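Work through the two exercises below. Keep the structure open beside the text.

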Amino acid sequence: MSASKDEVVPMASEAAAAHDALRATLQRVGVVFEFSVCRVAGEAPVVGEAHHREVLRRLGEETMARAERHWREAMEKNPSLQPASFDAQRAFDVASASATRLDAAAVVAADSYPPNHRIAHTRDLDEVDWFEWLCQAFGDPPYPLTVADEAERATLFPRFCEAIGLLPDEGLVLLDWVGDPEREPERSTWSAYFEDGKEWWGIWCFTVWNPRRGTLAAVMASTTD
């Protein structure tokens with residue numbers, strides 16, 4: 001069946017395979033960000049919040065499926081584990097999520113920051129933009145990344161940004177779906193997935209429309225030690 005105008009559809013098989021390979025690499029080294037990338041059918045699609053919400057819904061479903069698969073594998077190794085509450089704990093009520101715009105001007109080349117970038121404690125944190133925080137969070141999960149060498153570490157964030165279309169000067173439209181849990185706790189209550197990150201590390205959930213590439217991506221992360 002052909003895609004209708006402005007419909008959110010999966011990426012072509014070659015691109016999807018590349019994303020799967022990147023996802024496997026990120027999981028292997030300990031990056032905690034989940035992502036999903038789609039395209040929008042049509043020569044000049046008009047992309048609105050409903051499109052962003054659709055790719056976010058897809059990411060939620062994919063994340064639940066991967067988590068359930070891992071959970072079942074763990075149960076096979078340890079039958080004493082109880083799966084009864086799994087679905088309720090990880091459900092994503094995307095319909096009740098609300099969006100705010102992120103500043104696309106904050107997006108710079110992913111290699112602008114060193115692989116071990118850390119925001120200096122001497123800086124005024126209110127002046128640090130969201131993209132720089134993303135760079136730090138990506139490379140600094142609760143448990144250190146287990147990369148083969150520093151050359152591999154240096155490739156990870158640029159590969160991630162390339163995959164999701166998070167690139168400067170490409171007319172991006174970015175929507176945030178959770179906000180700062182300390183300042184806006186009500187914005188992240190649409191899934192218990194975000195509860196772990198609220199302990200201290202943080203939570204992320206945003207969507208990226210890249211009109212130059214025709215891609216629409218969703219990204220999220222939430223974890224603790």
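On a 1 Å grid over the protein atoms alone, a pocket is an open set of points with protein on both sides within 12 Å along at least five of seven lines. Lining residues have an atom within 4 Å of a point. A volume is the space filled by probe spheres set on the points. The model is predicted: local features need pLDDT of at least 70 and side-chain atom pairs 80 or more, while totals for chains, interfaces and linings use all residues. Residues are numbered from 1 along each chain, and side-chain values use heavy atoms, without hydrogens and water.

**Exercise 1.** Describe the largest pocket and its lining.

Step 1. Its volume is about 1,100 Å³.

Step 2. The lining has 31 residues. Nearest the centre lie Trp 133, Asp 180, Pro 181, Ile 203 and Trp 204.

Step 3. Helices (H or I, at least four residues) and strands (E, at least two) are DSSP runs, numbered from the N terminus. α4 (130–139) and β5 (203–210) each supply at least two lining residues. The largest share, four residues, comes from α4.

**Exercise 2.** Describe how α1 packs against α5.

Step 1. The axes, lines fitted to C-alpha atoms over the stretch in contact, of α1 (residues 13–29) and α5 (residues 150–164) come within 11 Å and cross at roughly 140°. Angles run from 0 to 180 degrees between N-to-C directions.

Step 2. List the contacts (heavy atoms within 4.5 Å). His 19, Leu 22, Thr 25, Leu 26, Arg 28 and Val 29 of α1 meet Glu 152, Leu 156, Arg 159, Phe 160 and Ala 163 of α5.

Notes
On a 1 Å grid over the protein atoms alone, a cavity is a set of points where a 1.4 Å probe fits but cannot get out, and a pocket is an open set with protein on both sides within 12 Å along at least five of seven lines; lining residues have an atom within 4 Å of a point.
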